[in-house]
Amino acid sequence: MAESNGFQKAPNILLTGTPGVGKTTLGKELAERTGLTYISVSDLAKEGKLYEGYDEEYDCPVLDEDRVIDELEDRMSRGGMIVDYHGCDFFPERWFQIVFVLRTDNTLLYERLETRGYTDKKLQDNVQCEIFQTLYEEALESYKQEIVYQLPSNTPEDMERNVEQISQWTEQWIKDNN
């Protein structure tokens, strides 16, 4: 596993994956179970208006990645953060000790996104993103391969197993690095 930078008492964890795979649910549950701090980059951007424009095609704001990094830098250097975002290639590699890419069955994902009111193009593009493992590939290109893990996120049982495994990993990291 990744090494401590000497300052952090607890690890930083990245939860990534296509929208609708369960990052927010997992992140909030993990924060409750581990005492780490949950950060939704989407919520952070909304609250701080960290946008650099609007994407008409996808009907959503465009994230100002530099401002997000500036906003998070201090918290990340202290450690103990669970960061949730569907992209991961713009975060500094040094921020995370482990990266989890959540994966969901395409049919389930389609239903979840449809429930959110996604438009046809947005729906199809996100399901395609999952089919082609786009975010898993992005994570592998952005971080050391040995800290990137895929986790199934289809059922409540998957969710519970993921919470359990990540909580145990976190406990072990804290023991090994303090």
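1. Axes here are lines fitted to C-alpha atoms, for helices over the stretch in contact, with angles running from 0 to 180 degrees between N-to-C directions. On that basis, helix α2 (residues 41-48) packs on helix α3 (residues 65-78) at about 110°, and the axes are 11 Å apart. Helices (H or I, at least four residues) and strands (E, at least two) are DSSP runs numbered from the N terminus.

2. Before going further, the provenance: this is a predicted model, where local features need pLDDT of at least 70 and side-chain atom pairs count only at pLDDT 80 or more, while totals for chains, interfaces and linings use all residues. Residues are numbered from 1 along each chain as its sequence is written, and side-chain values use heavy atoms, with hydrogens and water left out.

3. Back to the α2/α3 pair: the two are roughly perpendicular to each other (65 to 115 degrees; under 35 is roughly parallel, over 145 roughly antiparallel, and the rest oblique). The crossing is right-handed, meaning that the near helix is turned clockwise from the far one by less than a right angle. Val41, Leu44 and Gly48 of α2 meet Arg67, Val68, Glu71, Leu72 and Arg75 of α3, with contact meaning heavy atoms within 4.5 Å. By class, that contact has four nonpolar, one polar and three charged residues (Asp, Glu, Lys and Arg are charged; Ala, Val, Leu, Ile, Met, Phe, Trp, Tyr, Cys and Pro nonpolar; the others, Gly among them, polar).

4. The other pair is α1 (residues 23-34) with α7 (residues 156-177), at about 45° and with axes 10 Å apart. That angle makes α1 oblique to α7. Their crossing is right-handed. Thr25, Leu26, Glu29, Leu30, Arg33 and Thr34 are the α1 side of the contact, and the α7 side includes Met159, Val163 and Ile166. The class count is five nonpolar, five polar and four charged residues.

5. Leaving out residues up to four places away in sequence, Leu26 touches Leu15, Leu102, Met159, Asn162, Val163 and Ile166.

6. For the whole chain, there are seven helices and seven strands, in the order β-α-β-α-β-β-α-β-β-α-α-α-β-α. Buried residues make up 47% of the 178 residues. Of the contacts with a separation of 6 or more, 75% join residues 24 or more positions apart.

Key:
Buried < 20%, exposed > 50% of the residue type's maximum accessible area, 1.4 Å probe, protein only.
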